[in-house]
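Visitor: I am new to reading models like this one. Could you show it to me and take a few questions?

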Amino acid sequence: MITVAIANQKGGVGKTTTAINIATAMAATGWKTLLIDLDPQGNASTGMGIEGVDRKYSSYDLLLEQGTLAQCAQPTEIPGLDIVPATQDLSGAEVELVAVDDRTARLSKALAQSGTTGFGSYDICFIDCPPSLGLLTLNALGAADTLLVPLQCEFFALEGLSQLLQTVERVQQRFNPDLGIVGIALTMFDRRNRLTDQVADDVRDCLGKLVFENVIPRNVRLSEAPSHGMPALVYDHNCPGSRAYIGLARELIGRLPERRKAA
Ligand code: ADP
Ligand code: MG
């Protein structure tokens, strides 16, 4: 299994939209896919149509060792795509884990259960991170083989990126030496707006090949889909946003590391 953390400590940059739609695209391509909602707001869970009452086990239980991966993962409406939903309990997890020795390794340990004891294994796992660099995101970076960073095409896009990259370096030094960065995905691109065009150019100048060629356009269908509890790829599979995510998934597959963590 390859584990991809989707992180950026800025809120509203398209992490959850990217996580939902890229996970759906991968499942549609035949990859057995797991999506872990690691944001206490639970937007990925809601966006996949998982109601509060159906979140009996969640990512909180996984981190607090109150449930196995087999218990916490549940099927979605999408064939080949399972989800570990999030509940508000998760906002307390950072405090509850603070005094625990292996506090940054909890998710990594939980994911090591994939493929063991007869439980179906996954080809790929996406982790939708909260908008902070706290213990939840550190758990995601500790468990991940690689990181995908959504970057919103706006004036301050690059601000905060250096802080994220510093965190990645720290994680590499301390507990996950093999953590890579698979790419930066430009989101909410509006080609009628010269500023976003300029920002996209600047980001490419600065970060070069790290930036995915497929850019996600600003598309109202992408923002409508979650209120219907389904990925945009299901809600309107032919809208520009959905098509862009299919392209991004294809590009991601080409970039994934050969080496997969033992699963
Ligand atoms: P994050 O998880 O980083 O906080 P979200 O994916 O939740 O960001 O996106 C923030 C808001 O912007 C949501 O309301 C979402 O529906 C909307 N959104 C995300 N990507 C796009 C896009 N490409 N076009 C239009 N709206 C988008
Ligand atoms: Mg989110």
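Guide: In helix 12, the buried residues are Gly-241, Ser-242, Ala-244, Tyr-245, Ile-246, Leu-248, Ala-249 and Leu-252. Buried means 20 or more other C-beta atoms within 10 Å of a residue's own; exposed means 12 or fewer, partly exposed is in between, and C-beta atoms are placed from the backbone. Helices (H or I, at least four residues) and strands (E, at least two) are DSSP runs, numbered from the N terminus. This is a predicted model: local features need pLDDT of at least 70, side-chain atom pairs count only at pLDDT 80 or more, and totals for chains, interfaces and linings use all residues. Residues are numbered from 1 along each chain as its sequence is written, while chains are lettered from A and ligands numbered from 1 in the order in which they are written.

Visitor: Which helix gives the most residues to the shell around ligand 1?

Guide: The shell holds 18 residues, with Gly-14, Lys-15, Thr-16, Thr-17 and Ser-223 the closest. A residue counts as near if its C-beta atom, placed from the backbone, lies within 6 Å. Helix 1 and helix 10 are the elements that give two or more. The top giver, with 3 residues, is helix 1.

Visitor: Is Glu-77 buried, exposed or partly exposed?

Guide: Glu-77 lies in the loop between strand 3 (74–75) and strand 4 (81–84). Its C-alpha atom is separated by 10.0 Å from that of Val-234, 157 residues apart along the chain. Because Glu-77 has 13 other C-beta atoms within 10 Å, Glu-77 is partly exposed.
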